[in-house]
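User: I'd like to learn how to read strands and cores in a model. Can you walk me through one?

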Amino acid sequence: MSDDERSSAYFDDSRRLTGPNFFFRATGAVLEATGAAATNQMAHLRWQQLAAQLCTNLDWPDTRLTARAHRTGATLALTAPLDQLYTATEVNEWAWETATAEVHPELAVSNAFDGSTNDIGDMHAAVMRLRAKSAAEHNVRLIALVTAAQTHGSSVRIDDEMVSIGSGAGGRSFVINALPEVTAIDWSSIDEIPVALVTGSNGKTTTVRLIAAMASAGGLPAGFSCTDGVFIAGDQVASGDYSGPGGARAVLRDPRVRCAVLETARGGLLRRGLAVTHANVAVVTNISADHFGEYGIDDLDDLADAKLIVARALDDDVTGKSDLVINADDPVLVRRSKHLWPKVAVFAGSFQHAMLQEKRAAG
């Protein structure tokens, strides 16, 4: 049996979480568990113990883990350093396969590795192997750059090839394998542009275009990304569906942009997390029953929580600098966002809507 065939008995997806996500504000890894052990609470507990032990041996501080059962299996997620995410997926896989083998020994027999690379169930061998992978993946300059950016209040965007700090006209980008020393960067030249995130089940692209048009009319040349493409200061520079992280990075890295409006689709949010670490406003248009069963999303509450991941990019304070904007006509969205953010703005189809009246009365 091949490694792929063996793994498919345990999980059907294992991936990095490269930004704020459904489970954490931090980066990490997530695994979609399947098979007989996926709904077994003892297997979940054993996975958590094994993964925590591995993370301790890898010197990953303050690791958080969560197991979430759903209709088709379970989702297992853990936090990890942002330069260790490929290693983190293997930590997750080893811990789950070992936990499954302990709970269902018959699977360990039928799905065992061929050859000498099998370390399922062997903590010492797994630690040695993963320490080597962790050391190879570790990027000292990346960690230093991100830490310095946070100290200076600058946003950061990372993909497999580039690292960007700041945004728009005030941003700079570097090749990830040739990062400068922190002291070589003129931090006074790094700046941010206003950023709006737009998500929801319907009306995202229309809302993106409307906000971008309003910004441009107000004197801020806007860049926006959506399912129609990437648009910079009125010019279409790419066509196709750019409602994911790639579109967001393309807009935020363009020096012509003075304001960014980014369509943020459910799939990208659940698969990788947010592509941005900072936004001034996040809009959720509505929630409707679609895409159930994907990534453990089984009902409207789950879907609302997935869309509301965008709030994790808002400034984490109570000074009123950032707004989460929601549709007051959507009862699920209103209920799930009620205690999520200190300053929630609302819109509705009627000026006399009760929530709008309440907001006006409160000033």
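User: Let's start with pairing. Which residue in β15 is the bridge partner of Leu324?

Analyst: Keep in mind that this is a predicted model. The partner of Leu324 in β15 is Val344. Step back to the whole strands: β14 (residues 323–327) and β15 run parallel, joined by four bridges.

User: And how do I read the side chains along β15? Which ones are buried?

Analyst: The general idea first: side chains in a regular strand alternate between the two faces of the sheet. Here, β15 covers residues 344–347, with Val344 and Val346 pointing to one face and buried.

User: Which residues touch the most other members of the largest nonpolar core?

Analyst: In soluble globular proteins, nonpolar side chains tend to be buried together. In this model the largest such core has 41 residues, and Val195, Leu197, Leu262 and Leu324 touch the most other members. Take Leu262: leaving out residues up to four places away in sequence, its contacts include Val195, Leu197, Val208 and Val276. Another core lies apart from the largest one, with 31 residues, among them Phe11, Ala29, Ala38 and Leu50.

User: Phe11 again, then. What is its bridge partner in β2?

Analyst: That's Ala33. Six bridges join β1 to β2 (residues 28–33), and the two run antiparallel.

User: In what order do the strands of that open sheet come?

Analyst: Four strands, ordered β1-β2-β4-β3, with antiparallel pairing. At the edges sit β1 (11–17) and β3 (65–70), each pairing on one side only. From one strand to the next, the twist averages 15°.

Technical notes: Residues numbered from 1 in each chain as written. Predicted model: local features only at pLDDT ≥ 70, side-chain atom pairs only at ≥ 80, totals over all residues. Heavy atoms only, no water. Buried < 20%, exposed > 50% of the residue type's maximum accessible area, 1.4 Å probe, protein only. Pairing = 2+ DSSP bridges. Axes fitted to C-alpha atoms, helices over the stretch in contact; angles between N-to-C directions. Core = buried A, V, L, I, M, F, W, Y, C linked by side-chain atoms within 4.5 Å. Contact = heavy atoms within 4.5 Å.
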